[in-house]
Amino acid sequence: MIPELGAFGAVTPGMVEAELKKDKEVGLVAITSPTYEGVISDVAGLAEVCHKYGVPLLVDAAHGAHFGFGGFPEGAIRLGADIAVESLHKTLPSPTQTAVLSVRSSLIDSDRAQLCISAFQSSSPSYILSAGIDACARYMEERGETEARLWYERVSALREKLKRLENLRLYSADNIDPSKLVLTCDNGYAAMELFRAEGVELEMVSDNYVIAMTGLGDTDETLSAFFKAAEKVDKVVNKRRDKAVTGFTQPEKRLSPRQALSNPSEPVPLRYCDGRIAAEYVWKYPPGSPVIVPGELVCAETLSASDSIRSSYGGVPASIRCVKE
């Protein structure tokens, strides 16, 4: 855990080895690197530990499709991961919902992996998205190294300027993806509103930090505009007196999600949901974390936090489907 953020940090080889020693039945180790906040784990060290025990390593590298280009960190597969998932659209020039699965290991049966994918994949794929993946791959092969190098240099210069701000504090560490701009402050939601007023839409907001994502298409002009907005927000963000959202209470589980979704349900206005059993998910998005899960008891504290997010972020519906009483 990263104290400054209240977010998950890196997974270490020692953590994984301790679990592998404890449980001899582990068949796969799965990690996320980089995380939403850009935290990078020691993939090479993790792969070494996993292979020592004959267990494959899967890396969810959804936010790391640009790794291995320019001055950015090396990609998971080249560091020894057996299988990796990369979402091209997050940082590279590719349409939304385009991702690739890379397999490079004798520990993974690629034929079986294809069979499993086919079981869930549509029989009517989007040729536009497929063409987008091909175009992205061709672009990166021909110009990726040069363009990524420019991006890396531009964002590195921007990070140096952001370090001069007083109230918006750039989170920095040796294992951080430089393309992610994580700015901590007293009230992340206030910062998000202030950035929006300056014409900047952030990637994510949390209680005490915000995330701005850069991408291969960013130019000196776009990054300069972001910095000018950050300078304005920096001067006023901690003068906001509205109360920061302080997190969510862990709701009590009354039914399994399957039971809750299978039972008859009805929409209930948010203000009347206290004490009812939820029959749908309510998300804080981004990053896509559920505030309420089907089968959980909706409590007043959760509703209070949800109201704060709805009023400042627009992410919670006016009613929730609840199990009929």
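Predicted model: local features only at pLDDT ≥ 70, side-chain atom pairs only at ≥ 80, totals over all residues.
Q: How many residues of β6 are buried?
A: Five of its five, over residues 180-184. Strands here are DSSP runs of E, at least two residues, and helices are runs of H or I, at least four residues; both are numbered from the N terminus.

Q: What does β6 pair with?
A: β5 (residues 169-170) joins β6 through two bridges, antiparallel. β8 (residues 209-213) pairs with β6 over five bridges, also in the antiparallel sense. Two strands count as paired if DSSP finds at least two bridges between them.

Q: Which residues stand opposite Leu183?
A: Leu170 stands opposite Leu183. In β8, the bridge partner of Leu183 is Val210.

Q: What is the strand order in the sheet?
A: β5-β6-β8-β7, four strands in an open sheet with antiparallel pairing. β5 and β7 (204-205) are the edge strands, and each pairs on one side only.

Q: Which helix packs on that sheet?
A: Helix α5 (residues 127-162) does, touching β5 and β6. Its direction makes about 10 degrees with that of β6. Contact means heavy atoms within 4.5 Å. Axes are lines fitted to C-alpha atoms, for helices over the stretch in contact, and angles run from 0 to 180 degrees between N-to-C directions.

Q: Switching to charges. How many salt bridges are there?
A: The count comes to 12. The rule is a side-chain nitrogen of Lys or Arg within 4 Å of a carboxyl oxygen of Asp or Glu.

Q: What does Arg169 pair with?
A: Asp186, with the closest N and O atoms 3.9 Å apart. Arg169 lies in β5 and Asp186 in the loop between β6 and α6 (188-197), so the pair ties together parts that are 17 residues apart in sequence. Arg169 is partly exposed, at 35% relative accessible area.

Q: And which residue does Arg276 meet?
A: Glu325, in a salt bridge of 3.2 Å, N to O. This pair links distant parts of the chain, 49 residues apart: Glu325 is in the segment after β12 (319-323), and Arg276 is in the loop between β9 (265-269) and β10 (282-284).

Q: Are those two buried or exposed?
A: Glu325 is exposed, at 79% relative accessibility. Arg276 is buried, at 10%. Salt bridges with shared partners join Glu266, Arg276 and Glu325 into one network.

Q: What about Arg254?
A: Arg254 forms a salt bridge with Glu252, the closest N and O atoms being 2.8 Å apart. Arg254 is partly exposed at 46%, and Glu252 is partly exposed at 44%.

Q: What does Leu255 touch?
A: Ala260, Asn263, Ile277, Pro294, Gly295 and Val323, not counting residues up to four places away in sequence. Leu255 is in the loop between α7 (220-236) and α8 (257-262). Its C-alpha atom is separated by 9.6 Å from that of Ala279, 24 residues apart along the chain.

Q: Backbone next. Where is the cis peptide bond?
A: It joins Ser33 and Pro34, with omega about 0 degrees. Pro34 is in the loop between β1 (29-32) and α2 (43-52).

Q: Which residue other than glycine has a positive phi?
A: Gln97 has phi near 75 degrees. Gln97 lies in the loop between α3 (88-91) and β4. At 65% relative accessibility, Gln97 counts as exposed.

Terms used. Residues numbered from 1 in each chain as written. Heavy atoms only, no water. Buried < 20%, exposed > 50% of the residue type's maximum accessible area, 1.4 Å probe, protein only.
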